[in-house]
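Dear colleague,

I am passing on a structure that you have not worked with before, and my notes follow below it. Please look through it first and then read on.

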Amino acid sequence: MVLHLRSRLPDSFFRHFVFVAVFCCALSSARIVAQSDETATEDGKSATAKRPNVLFILTDDQRWDALSCAGHVDLKTPHIDRLAREGVRFANAFCTTSLCSPSRASILSGLYAHSHGVTSNFTEYPTKLASFPRTLQAAGYDTAYVGKWHMGEENDEPRPGFDYFVTHKGQGKYYDTEFNFHGRERKVVKGYYTTAVTDMAIDWLKRSRDKPFLLMIGHKAPHSFYYPEPKYERVFDGVDVQYPKSAFALDDKPEWIKARLPTWHGIYGPLFDYRKKFPDARPEAVKDFAAMTRAYWGTILSVDDSVGRLYAHLRATGELDNTLIVFMADNGLLNGEHGMVDKRTMHEASIRIPLVVRYPRAIAPGKLQPRVVDAQVLTIDVAPSILDYCAAPPPAKTHGRSWKKLLAGGDAEWRKSWYYEYNYEKQFPYTPNVRGIRTDEWKYVHYPHGDGKPDRHKAELYRIASDPDESKNLIDNPRYAGAVAELKRELERLIAAADGVPDKMPLDEGIKAQLPDKAIR
């Protein structure tokens, strides 16, 4: 037809005809592409696909099993459960250092603590160190942080990577915390911390913007000392709480664990002020442990309410399904396991964390049952994963990897082993230096003294696949000498691969009975 027209029309008219035809075809193609990018939102309407928003919710010291979707019988968390039901729950998520500030820095950077340099709770996040918020900010995201930052105890000023930054000094308080509003003013925000932070977060979300957003919320809960809202103070009064059986099965454990029993981090100690007279090893003193545990659960109920409010706001504004929601904790918590409270050790309760992710445009939920992923994922995977979903440049250096491929259809090259590091703290002298390795089947942990000489503490070996409660330390069984040797070699390889050689650490000055300074508890 075109050749037929060419022979009958003047040159100038024919050229005009061809231009119009090509333009119309291009416009039609663009419309087809745009239509192909449209996806259904939660209200059934169509919206052009775009870079996702990110809502990152971080709790403090929340155990992996402190969710009803993770199997907790008494603690009900319906709003977090809904995220898991509509997304995915990682059953084996771990922190690489079970301590607040180092773990938070690993989440931001994708690096081990020895590499990012935040090795204690008194260290600032390096101002020149890359982070996923800085990368998203550079990529055009509107970025905000509201709540507990906890890297640099006396600094509440804005940090790089955030267009809006609201935090406080130190741990903050469950009631009436003084916040610094992006360096412009400090004021006490009346009311319960979890509610106040949620109010401020939603106020920021209501702002008008023409770009995607990253909102990070740092909850104080459920960090000690535990003060639930009045409406949740008595919810668990009828629940019988006892010390775990493992608290009295210490014969095959290192001696330092037994020495920790009457300290700030032991079950016979003050229990974060829930026990006034200590040490107290009497059976009836379990009442103090029970009161502490019930209060811990109560603070999480308010966090669940917060998740529900944030979810409702995103749905009401049409942004729910275009928002990558990540809910996680910085580290786990020992609640009587092996006679210990707090964290820092490499025992399961200390290192295992909740991690729930919802983003229906790229993460398919379960069909008949909630989707649960068993692969081992780490805090150092968070930064590369979020950047991957946002189509932002990956970290120039990272020890983690994105789980986008893992969730999309599986990743045959996903890790089978990883290593853990923790350094002795003079301010909290209740845990030795810790280095250990966890595979899908085994866990090996040892306690270097810090002087390069042979360890002074007994090591631990657990067949974690069949003994998840770490009830039987196999380190003295010659039958497993070969497994220990192999695990030691793999641990050395992992440390070297993470640029951890030479492996620097302080001297272990021993388990001490002294209480930590009140200002840093």
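Asp273 has a relative accessibility of 39% and therefore counts as partly exposed (buried means under 20% relative accessible area, exposed over 50%, and partly exposed in between, with a 1.4 Å probe and protein chains only). Asp273 sits in the loop between H8 and H9, and its phi is near 85 degrees, a positive value in a residue other than glycine. Helices (H or I, at least four residues) and strands (E, at least two) are DSSP runs, numbered from the N terminus.

Before going further, please note that this is a predicted model, in which local features need pLDDT of at least 70 and side-chain atom pairs count only at pLDDT 80 or more, while totals for chains, interfaces and linings use all residues. Residues are numbered from 1 along each chain as its sequence is written, and side-chain values use heavy atoms, with hydrogens and water left out.

Arg275 is also placed in the loop between helix H8 (255-260) and H9, but with 1% relative accessibility Arg275 counts as buried. Leaving aside neighbours within four places in sequence, Arg275 is in contact (heavy atoms within 4.5 Å) with several residues, among them Tyr243, Tyr268, Asp280, Asp288 and Phe289. The side chain of Arg275 also reaches the backbone oxygen of Ile267 at 2.7 Å. In the loop between H8 and H9 there is also Pro279, which is joined to Phe278 by a cis peptide bond with omega about -5 degrees. Another cis peptide bond, with omega near 0 degrees, runs from Ser224 to Phe225, and Phe225 is found in the loop between strand S10 (213-218) and H8.

Next come the helix pairs. Two packed helices are described by the angle between their axes and the distance between the axes; here the axes are lines fitted to C-alpha atoms, for helices over the stretch in contact, and angles run from 0 to 180 degrees between N-to-C directions. The axes of helix H7 (residues 193-205) and helix H9 (residues 286-316) come within 10 Å and cross at roughly 15 degrees, and H7 and H9 are therefore roughly parallel to each other (angles under 35 degrees count as roughly parallel, over 145 as roughly antiparallel, 65 to 115 as roughly perpendicular and the rest as oblique). The residues making this contact include Thr198, Ile202 and Leu205 of H7 and Ser306, Leu310 and His313 of H9.

Helix H3 (residues 78-86) packs with H9 at an angle of about 55 degrees, the axes being 7 Å apart, and H3 and H9 are therefore oblique to each other. On the H3 side the meeting residues include Ile80, Arg82 and Leu83, and on the H9 side they include Asp304, Val307 and Tyr311. The buried residues of H3 are Ile80, Asp81, Arg82, Leu83 and Ala84, and they pack against strand S4 (88-90), H9, strand S11 (323-329) and strand S15 (355-358).

Lastly, Ser402 lies in the loop between helix H11 (382-389) and helix H12 (404-408) and, at 17% relative accessibility, counts as buried. Not counting residues up to four places away in sequence, Ser402 touches Pro384, Ser385, Asp388 and Trp414.

Technical notes:
Polar contact = N/O pair within 3.5 Å; in protein donor to acceptor, adjacent residues only side chain to side chain.
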